[in-house]
Amino acid sequence: MEIGRKNLEIWAGHLINHSIGGVEKDDVVMVKGERIAWPLISVCQDMIFSAGAVADINLTAPDNDRGKIWGASIARHGTVEQINRIPEWHRQRYEGMTKYIEVMGAESPSLFTNLPEETGLALVRADEPFKNIRLLKNWVITLFPTQGFADLEGMPLDEYADVVVSASTFDPRLLEEIEEPVRRLMDKSREVRIVTGHPEKGRRLELRMNIESRNIRKCTGEHNLPDGEVFTSPDARSVEGEVFVDLPVFYEGVTVRGIYLRFEAGVIKEYSALQGMASLEKIIKTDKGSKRLGEVAFGTNAGISRVLKHPLFVEKVGGTMHIAIGQSYPECYVRDPSSEEGRAECDLLFKQGIINRSARHVDIVIDFRPGGAGKQVFLDETELAVEDNNWIIVG
């Protein structure tokens, strides 16, 4: 598989000039990914250096899922104590960067799957502070097509690459107008109500959550490429009811499908999966926050030509919704979460149980297109429906 230079330049141009807001001479832009994603990483660094800034190229080991603080080897052969011995230079590197581009895409996803429970969770927790540093800067993630990920999708590499490259070179600014009606309606709504059908239980399930006074965010390529969603983070205490999530996603190289969740007072009290139950259990047992929700969103990109399992793609498909187990987005609660005032306000909201904090943020996706588990969605008393893979307001 070879991606043409023109497509790589368009792709890198979107990431640099749009997603992270361009670069200036004082910027230090971390570009992180595996060696297999070098064609795109290389073009990004060329553009960053040409603009007079510094590109900090962070190449990660093939056994390291998304470039965490450590790879799978330490989880399999080391101890929790070793995992917690994080070099000071690692923190300095993250604190010293001003902007961040992550190019996902693994040569061999099997290298970081099925880790021992204790050390696997310790690895995720050790990486959380660095994830939080990234989230307070201008950041974007994208996905480079690899044979390993194509195999997980059950697709030939060339076909898989066509889907990924086509979606990633599409101008994300064109989503602005499409997403505005949903954003406006969410902005004036107090409650989201999601109705799904469980194929085995044979009954309708309902999930409710409060989004009153939350900041509603449109996604047009600022943090994800490809993009296409309107999202917010709910009052974590308010989530009540049941939901069935039908579209498969893979997380840490494992496919999880057919997820059932039951919430009481914001906490997951019961859960199951038709496939990948062990992985779902690891996610939910990570910490206190991984038993709560951190996000609710509408997928708005009707142009993604095929539903892939990777969360970056499946959550963006027009006519879907997703919820996220784990971490809330601070920007959904305060105007500037990186400011001293914003951090203090977020700390207070966390103590009150409104903001959720976790080492996890795992998006799981419900299909509201014909044949999907999604049946109805209401923002207060206004129903939304899907027409030609686009969300429309029914009335």
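How many residues does helix H12 have, and how far does helix H12 reach from its first C-alpha to its last? The legends below begin with this helix. The model is predicted, and local features need pLDDT of at least 70, side-chain atom pairs count only at pLDDT 80 or more, while totals for chains, interfaces and linings use all residues. Residues are numbered from 1 along each chain as its sequence is written, and side-chain values use heavy atoms, with hydrogens and water left out.

View 1. Helices (H or I, at least four residues) and strands (E, at least two) are DSSP runs, numbered from the N terminus. The buried residues of H12 are Gly342, Cys346 and Leu349. They cover an arc of only 60° around the axis, which puts them on the same side of H12; the arc is that of the directions from the helix axis to the C-beta atoms. Glu340, Glu341 and Lys351 are exposed on the other side of H12. Here buried means under 20% relative accessible area, exposed over 50%, and partly exposed in between, with a 1.4 Å probe and protein chains only. After H12 comes glycine 353, whose phi is positive, near 85°.

**View 2. The open antiparallel sheet.** Five strands in the order S7-S9-S14-S15-S16 form an open sheet with antiparallel pairing, two strands being paired if DSSP finds at least two bridges between them. Strand S7 (217-219) and strand S16 (361-367) are the edge strands, each pairing on one side only. Neighbouring strands of this sheet are turned by 25° against each other on average, direction ignored.

**View 3. Strand S15 and its two partners.** Strand S15, residues 320-326, is joined to S16 by 7 bridges, and the two run antiparallel. In S16, valine 365 stands opposite histidine 322, and histidine 361 stands opposite glycine 326. Strand S14 (residues 293-299) also pairs with S15 in the antiparallel sense, over 5 bridges, and phenylalanine 298 stands opposite methionine 321 in S15. Because 7 of the 7 residues of S15 are buried, S15 is largely enclosed by the rest of the structure.

**View 4. Phenylalanine 231 in strand S9.** Phenylalanine 231 lies in strand S9, which spans residues 229-232, and at 6% relative accessibility phenylalanine 231 counts as buried.

**View 5. The open parallel sheet.** A sheet of 5 strands, open and with parallel pairing, has the order S2-S1-S3-S4-S8. Its edge strands, each pairing on one side only, are strand S2 (54-60) and strand S8 (224-225). Between strand S1 (residues 28-34) and strand S3 (residues 99-104), which run parallel, there are 5 bridges, and the bridge partner of lysine 32 is glutamate 102 in S3.

**View 6. The crossing of helices H1 and H2.** The axes of helix H1 (residues 5-19) and helix H2 (residues 38-50) come within 9 Å and cross at roughly 60°. That makes H1 oblique to H2, since angles under 35 degrees count as roughly parallel, over 145 as roughly antiparallel, 65 to 115 as roughly perpendicular and the rest as oblique.

Terms used
Axes fitted to C-alpha atoms, helices over the stretch in contact; angles between N-to-C directions.
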